[in-house]
Amino acid sequence: MSDFYRLTKTDWDSALRSFISHYTILAPVEEEGHIDYTPIDEEDVERITYNKPKPTTPLKTLLLPVKESLADPSSPENPWLIMGIPACDLHAKSLLDQFYLDPEYPDPFYKNRTENSIFIGTDCHGHQEHCHCTSYGFKPYPTANDDIHLVRHGTDVYVSPVTEKGEKFIEKLSGSTNLSKCDQSAIDWIESKRKETVEDLDEHNKNLPGYEKSGELINASDEEIWKEYGDDCVSCGACATICPTCTCFLLIDKPGLLKQRQVDACQYPAFEKVAAGEDPLDALHKRFSNRYMCKYVWRPERFEELACTGCGRCIEACIGGINKNELIKELANNA
């Protein structure tokens, strides 16, 4: 485990207030039972939620807005300080990086945002009903793609720099706070909470097949189960747009030779319709199964990263009440 440093929550809050003029701070805030990223001003600092899963909006939506003009890939005026990022979203960033930072065709908008952001990952202390990251081999605490790990323990905050950006931020922090290295008891507490959360998730999802097995079941499935579950699908696209790893988008020509990028989803009617009128995904159940094939079969063949990190947002967002985990369990029971 990397070195963790301790400071009081009071000192941490004071430091955040002092950083507001230098960073655009985005952090999870809970309102009416829902947690989501919120731009933080001085009055909002004490409202920030720590170690509680998970923001409704995935990290992807901050880095890739639902709609944006491609006229100017300029950087934001202030760098972003994004706090409270759960491990499921940090792992999803690995796939986004492969897609949008392809060495041959890097996306300048995504690149600028990632390079001008400090990512603060956080441990999940507990889980929501549909969280299933450990079923797919992930941990409910950061292991990749963040610049700083952060854990809150009572009146203390523990921080651990991971990258050079993180180390520079911690240096700034040490200049304005009483920062000290965590003793072994604090490290033991962090490890204990992590183990407890992993065990809880494993027990909660003990009947859910792993990622590779799920892909095999989906690939070998017949059409009937997709018709059965697809009957409840309303083609709203919420599952794809809320997913931290989905990358489909449209390029729309606008007046003045401008282009606009807009999130697209394979659940939308006419998603694959071509000019001649052919549409391989014309039937709803075909669009419905297409997303599962993409997540569990085609993406793993194309990229080195998993295309589902077990966040469960697609289940929570589904207007039709479709639970993908229940579908996969049914496939396993019928195999």
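## A walk through a predicted chain

Leaving out residues up to four places away in sequence, Leu-96 touches Lys-60, Leu-64, Leu-101, Tyr-110, Pro-244, Thr-245 and Thr-247. You can find Leu-96 in helix α3, which covers residues 87–100. Its relative accessibility is 2%, so Leu-96 counts as buried. Now look for Lys-206, which is 110 residues from Leu-96 along the chain: the two C-alpha atoms are separated by 29 Å. Keep in mind as you explore that this is a predicted model.

**The whole chain**

Let's step back for a moment. The chain has 12 helices and 11 strands. Its C-alpha trace spans about 65 × 55 × 40 Å along the principal axes. For 335 residues, a compact globule would have a radius of gyration near 20 Å, and the chain agrees with this because its own value is 21 Å. Buried residues account for 50% of the 335 residues. Of the contacts between residues at least 6 apart in sequence, 75% join residues at least 24 apart.

Asn-325 sits in helix α12. Is Asn-325 buried or exposed? With a relative accessibility of 6%, under the 20% cut-off, Asn-325 counts as buried. Setting aside neighbours within four places in sequence, Asn-325 is in contact with His-130, His-132, Tyr-136, Leu-208 and Ile-315.

**Helix α12 and its partner α8**

Helix α12 (residues 324–334) also packs against helix α8 (residues 223–230), at an angle of about 150° and with the axes 12 Å apart. That angle makes α8 roughly antiparallel to α12. The crossing of α8 past α12 is right-handed. On the α8 side, the contact is made by Ile-225, Trp-226, Glu-228 and Tyr-229, while α12 supplies Glu-326, Leu-327, Glu-330 and Leu-331. Sorted by class, this contact of α8 with α12 has 5 nonpolar, no polar and 3 charged residues.

**Helices α7 and α10**

Another pair to look at is helix α7 (residues 211–219) with helix α10 (residues 284–302), whose axes come within 9 Å and cross at roughly 115°. How are α7 and α10 oriented to each other? They are roughly perpendicular, because angles of 65 to 115 degrees count that way. Here α7 passes α10 in a left-handed crossing. From α7, the residues in contact are Tyr-211, Ser-214, Gly-215, Ile-218 and Asn-219; from α10, they are Tyr-292, Met-293, Lys-295, Tyr-296, Val-297 and Pro-300. The residues of this contact of α7 with α10 divide into 7 nonpolar, 3 polar and 1 charged.

**Details of the backbone**

Pro-53 and Lys-54 are joined by a cis peptide bond, with omega about -15°. Lys-54 has its place in the loop between β3 (34–39) and α2 (59–63).

Technical notes. Residues numbered from 1 in each chain as written. Predicted model: local features only at pLDDT ≥ 70, side-chain atom pairs only at ≥ 80, totals over all residues. Heavy atoms only, no water. Axes fitted to C-alpha atoms, helices over the stretch in contact; angles between N-to-C directions. Helix = DSSP H or I, 4+ residues; strand = E, 2+ residues; numbered from the N terminus. Parallel < 35°, antiparallel > 145°, perpendicular 65-115°, else oblique. Left-handed = near helix turned anticlockwise from the far one by under 90°. Contact = heavy atoms within 4.5 Å. Nonpolar A, V, L, I, M, F, W, Y, C, P; charged D, E, K, R; others polar. Rg over C-alpha atoms; globule rule 2.2 N^0.38 Å. Buried < 20%, exposed > 50% of the residue type's maximum accessible area, 1.4 Å probe, protein only.
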